[in-house]
Amino acid sequence: MTAATTVTAAIQATDEQPYSYTRHELVEPDWRRFPGWRDVTEAQWRDAQWQRVHCLRNIKQLRALLGDLLEERFYDDLAADQQHLATMSMLLPPQMLNTMAPDAGDDPVKFTEAFYADPIRRYMLPVRSDRDPRWPNHPYSSRDSLHEAEMWAVEGLTHRYPTKVLAEMISTCPQYCGHCTRMDLVGNSTAQVDKHKLALKPVDRQDLMIDYLKKTPGVRDVVVSGGDVANVPWPQLESFLMRLMDIDTVRDIRLATKALAGLPQHWIQPKVVEGLERVARTAHRRGVNLAIHTHVNHVQSVTPLVAEAARTALEVGVRDVRNQGVLMRGVNATPADLLDLCFALQGEANILPYYFYMCDMIPNAEHWRVAVWEAQELQHAIMGYLPGYATPRIVCDVPYVGKRWVHQLHEYDRERGISYWTKNYRTGIEHHDPDALTRQYPYYDPIGTLPDAGQEWWSRQS
């Protein structure tokens with residue numbers, strides 16, 4: 001090797017980056033590749049009602065759609081999970097299922113392997129073999145892991161932060177994610193979880209929320225969620241938003257909807273677009289910041305229809321469309337997966353990457369969760385590639401504390417996987433707690449990520 005060749009090789013080595021950006025245009029996978037949708041027209045596919053009617057709710061419907069593409073072992077695996085481990089029932093819009101295994105072909109063996117490996121399938125259609133066989137459940141997991149119901153000021157209105165509230169309008173969604181943090185309330189009961197129910201009629205619950213906000217001028221920010229606001233009848237949702245904007249102290253309103261990605265057809269239907277424009281104009285006139293927060297976890301979910309839904313919202317006057325993803329092993333917990341997703345959101349769909357939450361400590365979620373140190377490494381790895389305003393923060397939602405950047409912990413026992421966090425405000429249930437601002441609150445890494453000594457310690461505790 002000559003000296004010149006050696007220098008060239010050294011330059012090439014230094015030119016290599018841990019991540020290389022390549023622009024990719026968005027593509028809507030061809031739904032006709034599935035036997036059950038071979039005759040579905042584009043007009044049907046774009047129709048929100050068609051999407052809702054043809055959601056998959058059980059194994060029988062999945063089998064009817066996929067035919068012989070999927071081997072029997074997957075159906076058996078899925079049935080075992082639903083019987084023994086699932087905390088959410090199956091509800092998959094065609095749009096969301098169509099983003100799974102888009103290039104798998106039609107050979108049943110190869111399709112089944114691709115379907116098993118698919119990142120969106122992993123969290124939207126979990127099977128028993130996905131779960132951690134030794135530690136499917138952390139000893140400190142809980143149904144309402146963030147204690148939101150404990151902090152209800154009135155039914156469905158969580159007052160955790162001093163200036164912000166969460167308004168749970170409804171307990172259903174257009175799609176059910178396996179890792180749902182509100183699995184104790186949202187969706188149908190499963191074999192493992194008898195779901196809690198909202199007791200009040202929607203109109204009565206909303207009246208109480210509005211009354212509370214009128215009497216609590218320190219609240220300026222309302223996250224309108226559920227469930228998913230896409231399941232709230234539009235006239236009811238529009239009325240509630242207009243009432244919120246009549247309260248002078250409310251300055252920020254955020255609409256939480258995974259349906260922007262899972263059922264974008266909802267957000268492009270004329271009656272919704274026209275209503276959203278009325279709300280956005282009113283917000284602009286009254287100086288209220290109106291935003292949509294969606295939930296996209298993998299780049300495959302970002303399709304032309306999702307981009308159309310986001311851009312339509314912006315065109316009619318919504319200030320921002322932002323993404324709050326969930327960090328999950330096997331889905332997006334690598335630097336490349338996160339950056340691919342963020343570039344597609346920001347560059348192709350006008351959706352701002354905002355947060356990635358660490359997966360909450362709900363039952364049977366250990367296979368998804370990552371350790372705090374892993375989240376810290378991921379935050380470090382994605383810095384410097386995206387514009388600063390579009391670089392998402394990875395946050396840990398610590399029970400009784402709230403969102404904290406993953407580097408804000410106070411102490412960390414890496415061997416036992418216990419981190420300790422502090423806070424600078426009282427939640428709605430701690431007004432008279434003298435130790436709330438000095439207490440250290442624990443958070444727990446998944447036990448499978450710990451060294452042998454740590455796992456042995458937890459085995460003894462259990």
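1. Basis. Residues are numbered from 1 along each chain as its sequence is written, and side-chain values use heavy atoms, with hydrogens and water left out. Because the model is predicted, local features need pLDDT of at least 70 and side-chain atom pairs count only at pLDDT 80 or more, while totals for chains, interfaces and linings use all residues.

2. An open sheet of mixed pairing is built from 10 strands, in the order 1-2-3-4-5-6-7-8-9-10. Strands (E, at least two residues) and helices (H or I, at least four) are DSSP runs numbered from the N terminus, and two strands pair if DSSP finds at least two bridges between them. Strand 1 (152–154) and strand 10 (402–405) are at the edges; each has a single partner strand, so one side of each has no neighbour in the sheet. From one strand to the next, the twist averages 30° (angles run from 0 to 180 degrees between N-to-C directions, with axes fitted to C-alpha atoms).

3. Strand 1 runs antiparallel to strand 2 (residues 157–161), and two bridges join them. Val 154 has Leu 157 of strand 2 as its bridge partner.

4. The largest pocket. This pocket holds about 890 Å³ of space. It has 40 lining residues, and Thr 181, Arg 182, Ser 225, Gln 324 and Tyr 357 are the closest to its centre. A pocket here is an open set of points on a 1 Å grid where a 1.4 Å probe fits, with protein on both sides within 12 Å along at least five of seven lines; lining residues have an atom within 4 Å of a point. Strand 8 gives the most to this lining, four residues. By class, the lining has 18 nonpolar, 12 polar and 10 charged residues (Asp, Glu, Lys and Arg count as charged; Ala, Val, Leu, Ile, Met, Phe, Trp, Tyr, Cys and Pro as nonpolar; the others as polar).

5. The second largest pocket. Its space is about 460 Å³. Among its 20 lining residues, His 24, Glu 25, Val 299, Gln 300 and Val 302 lie nearest the centre. The lining divides into 10 nonpolar, five polar and five charged residues.

6. Trp 368. This residue sits in the loop between strand 8 and helix 16 (372–382). Trp 368 counts as buried because its relative accessibility is 1%, and buried means under 20% (1.4 Å probe, protein chains only). Leaving out residues up to four places away in sequence, Trp 368 touches several residues, including Arg 122, Tyr 123, His 179 and Cys 359 (contact means heavy atoms within 4.5 Å).

Methods:
Points joined across faces, edges and corners; volume = space filled by probe spheres on them. Buried < 20%, exposed > 50% of the residue type's maximum accessible area, 1.4 Å probe, protein only.
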